[in-house]
Amino acid sequence: MSTTRKLWLGLAALLLASFAVLLWVGKEVHQQAPPLPTAVVTTDGHTLYTRADIEQGRQVWQSIGGQQLGSIWGHGALVAPDWSADWLHREATTMLELLARDEGAASFASLDAGRQAALKARVQSEERTNTYDAATGTIAVSPLRAQAMEVVALHYDSLFSNDPATHKLREGYAMRENTIAEMEHRRVVTAFFFWTSWAAAAERPGHSVSYTQNWPFDPLVGNQPSGTTFIWSIFSILFLILGIGLLGWHHAVQSHKESPAVPPARDPLADFKPTPSMKATAKYFWTVMGLFLTQILLGATTAHYQVEGQQAYGFALANILPYALTRTWHTELAVLWIATAWLATGLYIAPVIGGHEPKFQRLGVNFLWVCLILIVVGSFAGQWFAVMDKMGLKYNFWFGHQGWEYTDLGRFWQIFLFVGLMLWLFLVGRALWPAIRRRDETSNIVGLLFLSTIAIGLLYGAGLMWGEHTHIAMVEYWRWWVVHLWVEGFFEVFATAVISYLFVRLGLLRVHSATVNVLFATIVFMAGGVLGTLHHLYFTGTTTAVIALGASFSALEVVPLALIGLEAYDNWKKQHAAPWMARYRWPIIFFVAVSFWNLIGAGLFGFLVNTPIALYYMQGLNLTATHGHTALMGVYGMLGLGLMLFCLRGIKPEAQWREGWLKGAFWSLNIGLSMMAALTLLPLGILQLDAVLDHGYWFARSEHFMDRPLIHLLVWMRVPGDTLFAVGALLTSVFVASLWLGGKRQPKAVPLPQAARENA
């Protein structure tokens with residue numbers, strides 16, 4: 001059996017086993033999710049909340065931005081509290097004050113240490129005792145706790161209104177005035193916040209940990225990391241060391257088995273004339289730059305809200321574009337412009353690989369672009385109406401703001417995007433089909449490219465697996481299929497296959513070596529990538545199995561990055577492989593940057609927050625934002641820009657490339673991203689971590705911590721890096737525009753064979 005066949009069988013077995021386990025975990029999450037009660041009642045018979053209140057409260061929370069305004073169970077925005085942790089701590093401290101007054105003391109702080117310890121023990125018992133009755137479906141709370149809940153609910157009622165008493169707090173949380181205008185909606189949103197905090201402290205039946213594995217860390221209510229969290233963190237590190245050792249051994253054995261390829265005397269693609277559909281992809285790359293620039297502008301606005309919570313240099317911006325909205329669009333655009341660059345690359349490269357321009361292919365490419373614009377404009381308009389409280393709850397799920405970070409689109413727009421991806425799959429697949437049928441030496445790489453195309457098209461469908469009232473634990477399960485498997489998983493396989501094919505086509509790699517390498521890289525990546533999805537679910541109402549599997553396999557995601565320097569060096573050498581490779585210098589340099597940020601952003605900062613014990617303290621802090629920014633932009637963004645430049649070289653072969661602009665853009669983007677992480681996100685995250693360890697998670701996300709002058713200074717220190725980064729994006733945009741507006745040269749061009757001409 002050939003090596004290639006063994007690798008294909010290994011990949012198939014790996015994917016079947018991994019997805020089988022992932023689906024089994026989904027079943028466990030569904031069965032073991034924190035119960036939604038029919039009612040929350042007091043032990044003396046009063047009903048505080050009903051299930052309808054909790055579910056409607058979640059709808060209200062989603063409509064105002066959901067995870068884009070504060071967070072729930074650690075997932076969401078970094079400005080404003082984690083509402084679960086905030087409610088939990090406020091409720092506990094209120095009970096302590098009430099108990100102290102019952103004893104005749106002026107305050108809890110005035111009691112001696114012995115009495116304080118006794119009252120803390122009583123409050124811990126109140127919080128951690130699971131009083132859910134499966135027979136009646138109710139959660140029972142004591143009159144003491146009910147009284148504390150009423151006090152906390154009044155605080156939130158004031159906070160989400162336009163009450164002057166909490167105006168300063170709204171500014172600190174970057175909330176607009178009257179975030180929730182209706183009093184009844186403010187009441188029911190407190191029901192949802194209470195339930196999420198209840199699940200965070202109430203012990204799972206038969207266990208000594210809460211439904212969220214004792215997250216968030218808050219010693220006052222007895223939330224401490226469990227033994228399971230420590231144990232599987234140790235195993236995570238052991239799996240990482242083992243994986244790196246095996247990968248190093250494989251590289252030592254395989255690295256010298258085949259002599260390097262000898263590049264041809266001239267560029268094999270120099271005389272290639274792009275087909276009509278390939279030329280039509282140009283508008284996608286213009287769109288990429290437009291979305292990229294808009295995302296940067298919204299990112300700067302979102303960051304500025306951390307120091308001027310409702311304004312931008314004195315202008316009341318929150319009345320038009322509140323923080324929840326700018327952050328929504330900023331995070332969505334990050335995925336949209338990167339995905340557009342990659343999707344356009346697929347449309348561009350497919351006729352090259354297949355040697356065939358299918359009938360009406362250009363029409364399909366143009367129609368898909370129109371659909372993309374409609375989705376962006378329509379979904380963003382719906383989100384504006386939702387967050388500004390102009391849509392109501394009836395239509396919010398379908399046309400407004402779903403409230404789930406990175407999957408905020410209304411369900412109608414999600415379905416529209418899924419249909420668009422199916423069209424993209426059809427267009428790319430039919431152009432690739434002749435190459436798949438040829439079964440030549442490149443068929444394995446083409447086959448992997450086609451399979452990743454299918455996976456990209458279908459996996460977005462995971463975002464359609466939840467409904468408006470699906471349990472939040474199941475929504476999180478499916479949401480990370482989209483964010484992790486779709487964005488970080490199969491797009492990575494797609495890009496690896498595309499780059500390998502291009503290097504083979506240019507004569508820089510031997511076909512056999514490229515085939516073996518791309519299949520092996522896919523196996524290594526997917527070995528940790530599929531089940532590594534679970535590391536996002538440690539504390540979202542899941543069981544120990546999620547921690548065990550997530551910790552073990554997510555560590556393997558870091559393994560391929562151990563030898564990333566070799567990949568970077570190999571890519572760097574390719575620009576000097578032949579004189580004509582100067583044409584592709586900048587796409588390759590961007591690929592080198594991808595390797596660097598893979599090591600730093602995905603590897604170093606990724607593993608920093610990867611183990612259960614690390615994420616227990618760091619989830620939802622700026623340390624996770626450090627990883628998110630450097631990995632998403634550094635890896636996927638740089639890769640998208642590199643692929644775009646490669647395609648533009650073919651679309652505009654006669655254009656003059658202004659290398660100086662690209663050089664300035666490259667270094668501005670990379671240095672700006674580095675400064676953003678080093679001057680603000682990383683030090684701010686470290687300070688927050690210190691605050692968590694000293695006081696509890698609630699404190700690191702509270703106004704007491706975030707309103708400090710040092711924190712404001714660190715936020716202002718983003719300005720130099722953000723400005724430099726924006727300059728890089730502008731230079732890239734100017735460069736792209738210059739390909740159409742600047743001077744031209746006239747190379748010789750030969751058309752494709754007759755079979756490759758458009759039949760339309």
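Let's begin where helix 11 (residues 323-354) meets helix 22 (residues 622-651): their axes come within 9 Å and cross at roughly 35°. The crossing of helix 11 past helix 22 is left-handed. On the helix 11 side, the contact is made by A334, W337, I338, A341, W342, T345 and Y348. Helix 22 answers with a list of its own, including L632, M633, Y636, G637 and G640. Sorted by class, this contact has 14 nonpolar and 4 polar residues, and no charged ones. Keep in mind as you look around that this is a predicted model.

Now turn to helix 4, which spans residues 113-128. At its start, a side-chain oxygen of D112 reaches to within 3.0 Å of the backbone nitrogen of G114.

E127 has a relative accessible area of 0%, so E127 counts as buried. What does E127 touch, leaving aside its neighbours within four places in sequence? The contacts are L88, E91, A92 and M95, together with R145, A201, A202 and V221. For a sense of scale, look across to M289: M289 and E127 lie 162 residues apart along the chain, and their C-alpha atoms are separated by 51 Å.

How values were computed
Residues are numbered from 1 along each chain as its sequence is written. This is a predicted model: local features need pLDDT of at least 70, side-chain atom pairs count only at pLDDT 80 or more; totals for chains, interfaces and linings use all residues. Side-chain values use heavy atoms; hydrogens and water are left out. Helices (H or I, at least four residues) and strands (E, at least two) are DSSP runs, numbered from the N terminus. Buried means under 20% relative accessible area, exposed over 50%, partly exposed in between (1.4 Å probe, protein chains only). Contact means heavy atoms within 4.5 Å. Axes are lines fitted to C-alpha atoms, for helices over the stretch in contact, and angles run from 0 to 180 degrees between N-to-C directions. A crossing is left-handed if the near helix is turned anticlockwise from the far one by less than a right angle, and right-handed if clockwise. Ala, Val, Leu, Ile, Met, Phe, Trp, Tyr, Cys and Pro count as nonpolar, Asp, Glu, Lys and Arg as charged, and the others, Gly among them, as polar. A polar contact is a pair of N or O atoms within 3.5 Å; within protein, one must be able to donate a hydrogen and the other to accept it, and residues adjacent in sequence count only if both atoms are side-chain atoms.
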